[in-house]
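Welcome! Take a moment to view it before reading on.

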4 protein chains.
Amino acid sequence: MTGVEQARLVSVIGAGQAGPEALAQAQEVGRLLAAGGYGVVTGGLGGVMEAAARGAASAGGLTLGILPGLDPQAANPWCRVVIPSGLGQARNVLVVLSGLGVVAVSGGAGTLSEIGHALKVGKPVAGLSSWPVPGVFQAAGPEEAVEYILKSLDTSA
Amino acid sequence: MTGVEQARLVSVIGAGQAGPEALAQAQEVGRLLAAGGYGVVTGGLGGVMEAAARGAASAGGLTLGILPGLDPQAANPWCRVVIPSGLGQARNVLVVLSGLGVVAVSGGAGTLSEIGHALKVGKPVAGLSSWPVPGVFQAAGPEEAVEYILKSLDTSA
Amino acid sequence: MTGVEQARLVSVIGAGQAGPEALAQAQEVGRLLAAGGYGVVTGGLGGVMEAAARGAASAGGLTLGILPGLDPQAANPWCRVVIPSGLGQARNVLVVLSGLGVVAVSGGAGTLSEIGHALKVGKPVAGLSSWPVPGVFQAAGPEEAVEYILKSLDTSA
Amino acid sequence: MTGVEQARLVSVIGAGQAGPEALAQAQEVGRLLAAGGYGVVTGGLGGVMEAAARGAASAGGLTLGILPGLDPQAANPWCRVVIPSGLGQARNVLVVLSGLGVVAVSGGAGTLSEIGHALKVGKPVAGLSSWPVPGVFQAAGPEEAVEYILKSLDTSA
């Protein structure tokens, strides 16, 4: 034995409160990523973060949640690994840096900050009903979003 | 003597490389903020950050630069106080949190992340040829941008 | 399915370069933690960090590495999950916060900072030939160190 | 005008609650640093942090406070510049990195973490009734502590 396989993660970002459509999309994104062999990293809280983790975990994918606060019990129940960072908003940077690519589902100002951080370091970003920012691939649905990310990662590998 | 007056700072954000118009605008924003009794906090590097600090310092305003790296000598020469944070991109969060409001001048992905962080915590944000994000006041020039911020701070005080 | 089990992690801290005895101790600490049902979180680099991760991973334990830099390939080969934090030394805080308890094996100034952070938030800390700081349980060997941590966690649960 | 003079700061660290002797020492350290042309950076809260800032500010020195939380009003009244970092304990790293050297006055676990961070990056550290850590110059009083730091900085310049 000379090591273990490092988990390949994709960040799924979006609001802590979201409507049923966004939640369904996030869950499907998580499921598709897990089916493609990827784990999911999120901000560890509710809404889109929970739905994406649920989708991934239900399909056997690894789930990582990076919380703004110090209490690991604040994580949603679908996070296998939890970082209670205590960094507040600065944890957004870690959520983005821990993924090879980013899928944004809907989302507010926090999501916008994460999109900015992701683009800054050149990570591929797909958006589903999210911010219309140049450089973000606007996907029609979860399949297209995940396909875009996986293709981008294949190309860059 | 029962204390000292805490400096009131406004964040000026924008790219480390910028064209002459953006630089002139940033410098004027800094000057106007200093004239209004405010100091300026930036990311401490070149371009818009340096121009804003120069404008403020030349008008007697306090200038704070929060660097991504560890070397204080990387700061532009107009920073009176320098934080060599070593936090990389996460220092963007500190730049925004250290100001009572934010003026964005032009800018790329890093600036976008800062706008997101600022809106997340409810700080007033004025933009000059910057990102057309809802919640950002689109100003026609430096005067209007600074006026918007100062009015917002008066109202909230 | 209503969720996944959140991994219970213990932080193992120590220098990136260490002698054969410290490495053997760290590996055994990792192995014992995994045997006890715990995963291991480290700073993700070499020396004690690598040995602890190797011990844990070889025994089927989950391994998390939180790197100071941005390159996930800088992680040692025994990290299943990697956070390329880009936070420099500030990642030490995350290493400590992500564990329920801390085992320090030998170690220099970075390890000292982590012991301080751990004690500050009241986590149990066991030391093996590490800093003689009040509040740190000085263990005679890996078994005693791990036993101390697991007992402390049982009591606090 | 080609720039402003970058403030030269020394970190003064210690507990948020301290006895009268430690407070008197911290205040004198701040005063002596200001008299020597240095500003003071602290964690911005009470106890040793406040006493050091008071000593420095009363002698005309610049004072910087880097808070763990988000509320700038939590700073003690002697901080001229305040960073409400929201980073929790991770702000300790910034307190140390923002100074050219460090004086520790008494102090608990948080102070210990700061001493570790300072030694890690090779900053000179003087201690007054603080942790007996190798590499920390144990000073007999404020004068000796400040003298040690100023000499170390002269040598390294």
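Predicted model: local features only at pLDDT ≥ 70, side-chain atom pairs only at ≥ 80, totals over all residues.

Helix H4 (residues 109–120) of chain D lies across S1, S5, S6 and S7 of chain D, and its direction makes an angle of about 145° with S1(D).

Another helix to look for is H2 (residues 48–58) of chain D. Helix H2(D) lies across strand S1 (9–14), strand S2 (39–42), strand S3 (63–67) and strand S5 (102–105) of chain D, and it too runs at about 145° to S1(D).

## The sheet of chain D

How are the strands ordered? In chain D, seven strands form an open sheet with parallel pairing, in the order S4-S3-S2-S1-S5-S6-S7. At the edges stand strand S4 (81–84) and strand S7 (136–138) of chain D; each has a single partner strand, so one side of each has no neighbour in the sheet. On average, neighbouring strands of this sheet are turned by 25° against each other, direction ignored.

You can follow one of these pairings in detail. Strand S6 (residues 125–128) of chain D runs parallel to S7(D), and three bridges join the two. Val125(D) has Val136(D) in S7(D) as its bridge partner. As a general rule, strands of a sheet pair through backbone hydrogen bonds, either parallel or antiparallel.

## A loop residue and a core residue

Next, find Gly88(D), which sits in the loop between S4 and helix H3 (91–97) of chain D. Beyond its neighbours within four places in sequence, Gly88(D) is in contact with Gly86(A) and Pro68(D). The C-alpha atom of Gly88(D) is 26 Å from that of Pro132(D), a residue 44 places away along the chain.

The largest nonpolar core has 102 residues. Among those with the most contacts inside this core are Leu64(A), Leu64(D), Ile115(D) and Val133(D). Leaving aside neighbours within four places in sequence, Val133(D) touches Leu112(C) and Trp131(C) as well as Leu112(D), Ile115(D), Leu119(D) and Gln138(D). In soluble globular proteins, nonpolar side chains tend to be buried together.

## How chains A and C are related

Notes
Residues numbered from 1 in each chain as written. Chains lettered and ligands numbered in written order. Heavy atoms only, no water. Pairing = 2+ DSSP bridges. Helix = DSSP H or I, 4+ residues; strand = E, 2+ residues; numbered from the N terminus. Axes fitted to C-alpha atoms, helices over the stretch in contact; angles between N-to-C directions. Contact = heavy atoms within 4.5 Å. Core = buried A, V, L, I, M, F, W, Y, C linked by side-chain atoms within 4.5 Å. Buried < 20%, exposed > 50% of the residue type's maximum accessible area, 1.4 Å probe, protein only.
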